[in-house]
Amino acid sequence: MNVLDLPAGRSGGGGGGSVSGSGTGGAHPRLCYAGFNQDSGCFVAGTRDGFRIYNADPLRQKSVHPLPAMMSLIPPSNTASPAAAWPTAATAEAGAVGVILAEMLFRCNYVALVLADRPRSVKIWDDLKMRFVADLEFNSPVKAVKLRRDRIVVVTPEIIKVFTFTSAPQSLHVFETPPNPRGLCSLSPSSENSLLAFPALENGQVRLFDLAEPEKPMAIVVAHSTRLCYLMLNVQGTKLATASEKGTLIRVFNASNGEFITELRRGTQPATIYSINFSSDSSLLCASSSHGTIHVFSLADPKRNKQSSLASSGFVNLSILPKYFASEWSFSRIEIPGATPCICAFGATPNSILAVCADGSYHKFLFEKNNFTRDVYQQFLELTEVS
C-alpha cells in the first residue's frame, strides 16, 4: 500500500512510501493521511475529524466516519477513564486530533487506525459492528500498520512486530530494524506468498521473512549502497521494488530468492520517492516523486522503455558504456499540476493511472496516443454523497 503522511500530530513517514507534509506547499488543512488498499481498488483518507473511504476508479465516496461519532460508540467498559483516554468532540472540532494513519484490508470491514493524540496505539475499527474491536499499545510512535487476513504488522521507529489478526491479537515475531522514521515495510496479502519485507540492519538491504514458514532463514536483498527510501511487494508477493534516498533508480527483484531482475531510472537528479506501485499483473510499474512527476515503466516489455540516444543508436556496444547510458527510462511521464506530493496507482480502467494528492485532489490519467492525459479531476474531500 502507498500512503501520504501529513503533519497532524506526528513527524516521520507512513508505511511503505510516504509524503511528509511538513513545509509542503498546497497541503490540504484537513487532510492528515491518504493511502491505497492492497489492490488499489480503494483509498482511505485520514482527516482532522475522522476518516473516509473511497472507491478509487471510478471515484466514489463509500463511507464517512466522524471521530466524535466513533468515540460516542465506545463502551465505558473499554477504559477506566474514557474522558482521559479519548479526545472529546470539542477538541476534535478544534483540530487538536485526527486520524494520522489508516490501513484498510482490501474492501472488508476492518480498518486499522492511529490517532494524533494517541500515536503509540493501534485501534482496529470494525465497520459492521461500528466499534473498535482491538487495541494495541506500544512504547514508541507507530509509523505504519500492515494488514492481511491472518496478521497485523506494526512498525515503530526501530522495531517491527507481527501479531495474529484475532479479537485478542497475540505477538508472534519481533524484528529489529535500523532507524525507520518512514515506517518502511511491505506485506504481501497473497495466500500463496506470505512475505514480509523490511529494512535490514545494513544500509540499502532488505530482509524477506516468510510468515507461513517462519523457521526458514530470511533472504537478504542487497538493493542499494545507501539508505532505503521505499520498498514495495507486488500483490502476488513475487516481486520487490526498492528505491534509495537518492531516488534516481528503482530496482526490481525476485521476491522468492532475492535475485535481481531489472533497474529502472527515474531521473538523474536526486528526489524523494513517494510511492511505487505494480499493475495488477505486474507488467507495469509506476512511481511518484518530489519532482511532481509520475513515471511509468514496462516490466513485461523492456523494449517499450526509453534509453539514451547513444545506447539506442545500435552503433555502440552497451557493455562498454557507463551504466547510466544503458539504463531503462520510463516510457511515459505525468506532470502533477503544481508539483503537489502524491501517491499513484493503476486504475481499474485499462491504461489508466490514478494520483491522490496532499492538497485533497484526485486525478485520473488515460494513456492515449503514446502519452497520458488527464481524464478526471476532483477534490475528494468535497464529495458529499455516499454510495
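Student: How many bridges join E6 to strand E7, and in which sense do they run?
Tutor: This is a predicted model, in which local features need pLDDT of at least 70 and side-chain atom pairs count only at pLDDT 80 or more, while totals for chains, interfaces and linings use all residues. Residues are numbered from 1 along each chain as its sequence is written, and side-chain values use heavy atoms, with hydrogens and water left out. Strands are DSSP runs of E with at least two residues, numbered from the N terminus, and two of them pair if DSSP finds at least two bridges between them. Strand E7 covers residues 110-115, and E6 and E7 are joined, running antiparallel, by 5 bridges.

Student: Which residue in E7 stands opposite Ala-102?
Tutor: The open sheet concerned has 4 strands in the order E6-E7-E8-E9, with antiparallel pairing. Its edge strands, each pairing on one side only, are E6 (99-104) and E9 (131-137). Opposite Ala-102 in this arrangement stands Leu-113.

Student: Why is one side of E14 and of E17 left without a neighbour in the sheet?
Tutor: Another open sheet of 4 strands, also with antiparallel pairing, has the order E14-E15-E16-E17. Strand E14 (186-187) and strand E17 (219-222) stand at its edges, so one side of each lacks a neighbour there, as each has a single partner strand.

Student: Which residue in E15 stands opposite Ser-186?
Tutor: E14 pairs with strand E15 (residues 195-199) in the antiparallel sense over 2 bridges. The residue in E15 opposite Ser-186 is Ala-197.

Student: What volume does the largest pocket have?
Tutor: On a 1 Å grid over the protein atoms alone, a pocket is an open set of points with protein on both sides within 12 Å along at least five of seven lines, whereas a cavity is a set where a 1.4 Å probe fits but cannot get out; lining residues have an atom within 4 Å of a point. The largest pocket is lined by 31 residues, and those nearest its centre include Phe-278 and Gly-347. Strands E18 (228-233) and E22 (273-278) are the elements giving two or more residues to this lining. Taken as the space filled by probe spheres set on grid points joined across faces, edges and corners, its volume is about 480 Å³.

Student: How much space lies in the largest cavity?
Tutor: The structure holds 3 cavities of 30 Å³ or more. The largest cavity is lined by 16 residues, with Pro-178, Pro-179, Pro-199, Arg-227 and Leu-228 nearest its centre. The space in this cavity is about 140 Å³.
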